[in-house]
Amino acid sequence: MKHKAILSPGLFFIGDELKGENVSKSQRTLGDLAGIFEDQAAYGRMPAEQLAYEVYSYLPEREGTPGGLYFGITRLYPGKVGNEYFMTKGHFHRLEDRAEYYWGLEGEGMLILMDRERNTWAERMVPGSLHYIPGGVAHRVTNTGSGILSFAACWPSDAGHNYEEIANEGFSARLIEENGTPKLR
Ligand code: S6P
Ligand code: ZN
């Protein structure tokens with residue numbers, strides 16, 4: 001009975017930490033990112049068990065529920081495979097028109113975005129930067145700094161993830177370090 005009750009918060013978002021009873025955690029190692037980096041020889045020389053990123057999420061609705069919202073924090077480790085920065089797998093949403101917000105919490109990186117015509121561009125991510133990702137735009141984050149890059153995300157509970165398309169076709173540009181600076185190539 002919640003009528004007239006005064007409740008203490010059970011969920012905390014402090015700095016780049018998300019804590020609470022129903023917060024779930026998932027991890028991606030380099031081994032989970034097979035096929036996404038260009039330099040396959042360099043990829044083959046790196047330990048498959050090395051942690052690339054971890055995601056803390058709060059998913060209060062059943063996956064697929066229309067009208068609900070999910071919240072998550074991603075912590076992406078620094079590093080490169082050859083000259084290509086560590087990055088998330090990247091995805092379109094399964095329900096194509098679903099949008100999402102990302103915002104930078106810590107570290108430096110780039111949000112790589114690609115529309116349905118395969119135009120690809122990047123937005124610099126810094127602590128406090130806010131990024132609106134419209135529906136129909138694939139999104140992936142790269143860590144261009146020397147420390148952890150963390151960002152928060154909020155997305156609809158019926159958005160879903162279409163990873164297959166990015167796994168098969170990739171983005172139409174990659175973020176590569178050239179002469180010490182990141183370039184989309
Ligand atoms: C979910 C949201 C994020 C990502 C996370 C990892 O829609 O965009 O929580 O899941 O940043 O990226 P990815 O591409 O491996 O799911
Ligand atoms: Zn998304």
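**Ligand 1 and the spaces in this model**

Let me start with the ligand. An oxygen atom of ligand 1 sits 2.8 Å from an N or O atom in the side chain of E100. That is a polar contact, meaning a pair of N or O atoms within 3.5 Å; within protein, one must be able to donate a hydrogen and the other to accept it, and residues adjacent in sequence count only if both atoms are side-chain atoms. Taken alone, ligand 1 exposes 400 Å², and the protein buries 96% of that. Those accessible areas use the Shrake-Rupley method with a 1.4 Å probe.

Some ground rules. This is a predicted model, where local features need pLDDT of at least 70, side-chain atom pairs count only at pLDDT 80 or more, and totals for chains, interfaces and linings use all residues. Residues are numbered from 1 along each chain as its sequence is written, chains are lettered from A and ligands numbered from 1 in the order in which they are written, and side-chain values use heavy atoms, with hydrogens and water left out.

Back to the ligand. Y53 places a polar side-chain atom 2.5 Å from an oxygen atom of ligand 1. For H91, the corresponding distance to a ligand oxygen atom is 2.9 Å. There are 15 residues around ligand 1, and Y53, T74, E100, Y102 and Y163 come nearest. Around means a heavy atom within 4 Å.

Next, the largest pocket. A pocket, on a 1 Å grid over the protein atoms alone, is an open set of points with protein on both sides within 12 Å along at least five of seven lines; a cavity is a set where a 1.4 Å probe fits but cannot get out; lining residues have an atom within 4 Å of a point. The largest pocket holds about 440 Å³, a volume being the space filled by probe spheres set on the points, joined across faces, edges and corners. Its lining counts 25 residues, with V55, T74, H91, H161 and Y163 nearest the centre. β5 gives the largest share, four residues. Strands here are DSSP runs of E, at least two residues, numbered from the N terminus.

How many cavities of 30 Å³ or more does a search of the whole structure find? One. The largest cavity has a volume of about 40 Å³. Its lining residues are F92, H93, E96, R98, P134, G135, G136, V137 and H139.
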